[in-house]
Amino acid sequence: MAFFGLFGKDKKETLNKGLEKSKESVLGKIGRAIVGKSTVDDDVLDNLEEALITSDVGVETTLRIIERIQERVKRDKYLGTSELNDILVEETASLLAENDTADILDFDAPLPAKPYVIMVVGVNGVGKTTTIGKLAYQYKKAGKKVYLGAADTFRAAAVEQLCIWGERVGVPVVKQQQGSDPASVAYDTLASAKANDADVVLIDTAGRLHNKVNLMNELTKIKNVMRKVVPEAPHDVMLVLDGSTGQNAFEQARQFTAATQVSSLAITKLDGTAKGGVVIGISDQFKIPVRYIGLGEQMTDLQPFNRQEFVQSLLGSL
């Protein structure tokens, strides 16, 4: 039986439900990998490797996991296939721990700065603005004063969508006309937030994967202008990725980490997809902590990432 601790039974149930399709897919493949085998041998490991790669864990990360299991087999001399799931969970969670994917405290935890500034980046369609809205809801629910900045000024729908979330959640949105300088919007947002003693500021940015140099310049300019108001801003550059796109999410992570210094990840749309393994691969390959995962449409379905619970829900025995 899982020990829920601070994670909470409701969150665990949401996580299990959100990862249901991914779990059925990956465990089905692992089941086929060990069929007819009683011990973990080279054939089982080869089949497990294929199962993990085809579950979007990624080649490099899969090889690291297989290497760890091989070490366990050598050390323990005899490993039955019945133990494989538990070992897979242990070694995968351990790998994520080494890659600085620390479990994130809940929304009511004290923040390291005031205002705490999160600049959110990612392409259009990944759930970036929705993630901002859900974060705003969770922070406000935890008693924090939140401001939103509509710095994606190139797409009229982006500003409109953020304003709808602001109204829904009951938090102010700072905006300018379409086509305005995004850095100017970010400056105004921080100035208002600081003057009104806000706790959290979430800045939406343009979701375009255009020329990397232009993207880098734009994001650097936003950062520099924000620092005139809050010298350490942004405290977090959060990249939002759509987990349902599998390997395409890896490519987006590559593009954005090359263009700016990304410090955290939010991986959305994990419910209804069989590609949950992508969370493990991305956090391992890019050595960037996953902070939040999206598991549904409800405002409460954006969860702080808990590596042990996630891996258990994805890879643990049925």
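Let me start with Thr-62, which, leaving aside its neighbours within four places in sequence, is in contact (heavy atoms within 4.5 Å) with Glu-49, Leu-52, Ile-53 and Val-57. Please keep in mind that this is a predicted model, in which local features need pLDDT of at least 70 and side-chain atom pairs count only at pLDDT 80 or more, while totals for chains, interfaces and linings use all residues. Residues are numbered from 1 along each chain as its sequence is written, and side-chain values use heavy atoms, with hydrogens and water left out.

Thr-62 sits in helix H4, residues 59-76, where helices are DSSP runs of H or I with at least four residues, numbered from the N terminus. A polar atom of the Thr-62 side chain lies 2.7 Å from the backbone oxygen of Gly-58.

The buried residues of H10 are Ala-249, Phe-250, Gln-252, Ala-253, Phe-256 and Ala-259.

Which residues line the largest cavity? Among them are Ser-22, Val-26, Leu-52, Val-57, Lys-275, Leu-314 and Leu-315, a lining residue being one with an atom within 4 Å of a point on a 1 Å grid where a 1.4 Å probe fits but cannot get out. Helix H2 (20-34) and helix H12 (307-315) are the elements that give two or more residues to this lining.

Conventions. A polar contact is a pair of N or O atoms within 3.5 Å; within protein, one must be able to donate a hydrogen and the other to accept it, and residues adjacent in sequence count only if both atoms are side-chain atoms. Buried means under 20% relative accessible area, exposed over 50%, partly exposed in between (1.4 Å probe, protein chains only). On a 1 Å grid over the protein atoms alone, a cavity is a set of points where a 1.4 Å probe fits but cannot get out, and a pocket is an open set with protein on both sides within 12 Å along at least five of seven lines; lining residues have an atom within 4 Å of a point.
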